Amino acid sequence: DIEDIMRLLDQLEENRKTIEESNCLEQENYQTKAKIYMLREKNRLYDKLQTQTAGQIGLLNELLIRYEEEEDLAESRRLLDKISLIGTYIKRYGNLIFIGEREAVSDIAELGACLEESFSSLRLMGIECALTAPAGERIYVRDAVRIYSFFESILEACVDSIKFMWVKIRPCGEEMVFCMEVESNANLTSFFEITDTSSYEDGVWRFTFTVKKAGEA
């Protein structure tokens with residue numbers, strides 16, 4: 001008599017289906033929670049970026065309004081170049097912020113890419129630029145953010161009168177030295193207090209500060 005065996009098999013099949021349905025439901029719940037977490041995290045990062053680049057976002061909106069109202073072709077082109085410059089900074093600064101959320105250290109090449117893309121916008125404006133940076137060095141992302149933010153602040157302060165800009169990053173023992181030279185008629189003395197050394201001579205502003213190499217105490 002296999003009737004009892006058949007009932008047992010039927011019960012086992014029912015149990016299997018119940019377990020499968022439960023697993024599917026748990027998987028769906030997990031995927032839903034993961035999507036919600038990703039959306040929240042993305043919103044948090046965008047909120048952080050918006051807060052830290054509020055000044056540039058406001059300037060970008062102002063430039064866009066002026067661009068739409070401008071009738072002079074040459075001035076429209078210059079406004080468009082400035083829009084490109086500010087937009088590049090917001091994008092690249094965002095990349096650094098997102099990298100910093102995942103890891104504390106970055107290759108110096110990441111900062112170099114940020115500076116080079118900003119230089120591309122400056123060259124469209126007829127401004128000579130040069131970047132010298134070592135290969136293979138690593139720095140803390142927080143320091144890359146600091147350097148790029150300082151760089152942008154200088155640009156915004158004197159973009160209408162820059163003739164030449166040179167940025168050099170070089171290793172020095174356990175530190176990385178950031179050097180910046182700007183030929184401009186603007187008054188940049190307000191930046192002296194936030195750098196290690198600053199000077200002005202023959203129309204050229206020089207700023208330097210140091211950061212620790214990644215991994216160094």
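## Helices on the sheet

Helix α5 lies across β4, β5 and β7, and its direction makes about 165° with that of β7. (Helices are DSSP runs of H or I with at least four residues, strands are runs of E with at least two, and both are numbered from the N terminus; axes are lines fitted to C-alpha atoms, for helices over the stretch in contact, with angles from 0 to 180 degrees between N-to-C directions.) This is a predicted model, in which local features need pLDDT of at least 70 and side-chain atom pairs count only at pLDDT 80 or more, while totals for chains, interfaces and linings use all residues. Residues are numbered from 1 along each chain as its sequence is written, and side-chain values use heavy atoms, leaving out hydrogens and water.

The sheet itself is open, with 5 strands in the order β2-β4-β5-β7-β6 and mixed pairing; two strands pair if DSSP finds at least two bridges between them. At the edges are β2 (128–132) and β6 (197–201), each pairing on one side only. Helix α4 (residues 108–124) also packs on this sheet, touching β2, β4 (164–172) and β5, where contact means heavy atoms within 4.5 Å. The direction of α4 makes about 170° with that of β2.

## The β6–β7 pair

Strands of a sheet pair through backbone hydrogen bonds, either parallel or antiparallel. Here, β6 and β7 (residues 204–212) are antiparallel, over 5 bridges. Tyr200 stands opposite Trp205 in β7.

Rings of Phe, Tyr and Trp (its six-membered ring) pair if their centres lie within 6.5 Å; planes under 30 degrees apart are stacked, over 60 edge-to-face, and the rest tilted. That rule gives 14 aromatic pairs. Take Tyr148 and Phe151: their ring centres are 5.9 Å apart and their planes at 15°, so they are stacked. Both lie in α5 (residues 141–158), 3 residues apart, about one turn of the helix. Tyr148 is buried at 0% relative accessibility (buried means under 20% relative accessible area, exposed over 50%, partly exposed in between, with a 1.4 Å probe and protein chains only). Phe151 is buried too, with a relative accessible area of 0%.

Phe150 and Phe178 have ring centres 6.2 Å apart and planes at 90°, so this pair is edge-to-face. Phe150 is in α5 and Phe178 in β5 (residues 175–183), so the pair ties together parts 28 residues apart in sequence. Both belong to one aromatic cluster, whose members include Tyr200, Trp205 and Phe209.
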